[in-house]
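Please open the model in your viewer and keep the selection panel at hand.

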Amino acid sequence: MTTNRADRPTPALHRLVLGAAAVTTGLMAGTFYVFSCAVMPALGRSDDRTFIEVMRNINDVMENPVFFAGFFGAPVLTAVAAWQHRRAPGPRRWLLAALAVYTVAFLLTSGVSVPLNNALADAGDPARLADPAAVRDRFEDAWSAWNTVRALLCTAALALLLRAPYAGARRPAQEPAYSASAAGSKARR
């Protein structure tokens, strides 16, 4: 059983919300991670028109309730968890740090990735583009770099969430190392 104070167990609802925050944050970290280590390198092998067409298709299908549940759920659930732990300064600090880090990833998505996606969509039908290489050049490197930053930020937010339950928990008293060793016990006699 985790505790948010030495004398009080953490209510089940608090553990549930914190667990849901960790799961949704982990799903977002995994989404961005897969793009960084598999999707974008695979698309990098494609010709310009195929690259543009596939990225536009991905951007279209990505906007769905399942993605949005994780994307918006992670900060909302993390904020709720921080509020639930408002009287437990140790966990609350970790939760607020996780929320701040995830918020940066959220803002990068809104302020960098989405505008790049929109510019790619606005370029027009890939089959009719006069210079698909230029369209791809304006998109690919910037999108990939910032996506990797999002993956790292979401992973850091997840690590902070996973650390929160252990902040402020009492550690059992330990016997000093010198008294536990054979030499230490002889020296005391």
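A search of the whole structure finds 0 disulfides, a disulfide being a pair of cysteine sulfur atoms within 2.5 Å. The model is predicted: local features need pLDDT of at least 70, side-chain atom pairs count only at pLDDT 80 or more, and totals for chains, interfaces and linings use all residues. Residues are numbered from 1 along each chain as its sequence is written, and side-chain values use heavy atoms, with hydrogens and water left out.

Select C37 next. This cysteine is partly exposed, at a relative accessible area of 43%; buried means under 20%, exposed over 50%, and partly exposed in between (1.4 Å probe, protein chains only). Then select C154, which is buried at 0% relative accessibility.

Move to Q84, in helix α3; helices are DSSP runs of H or I with at least four residues, numbered from the N terminus. Q84 is buried, with a relative accessible area of 11%. Leaving aside residues up to four places away in sequence, Q84 touches L13, H14 and V17, where contact means heavy atoms within 4.5 Å.

Finally, select N59, M62, E63, V114 and N117, which lie nearest the centre of the largest pocket among its 22 lining residues. A pocket is an open set of points on a 1 Å grid over the protein atoms alone, where a 1.4 Å probe fits, with protein on both sides within 12 Å along at least five of seven lines; lining residues have an atom within 4 Å of a point. The elements giving two or more residues to this lining are α1 (12-43), α2 (48-62), α3 (65-84), α4 (89-122) and α5 (132-163). Helix α4 provides the largest share, 6 residues.
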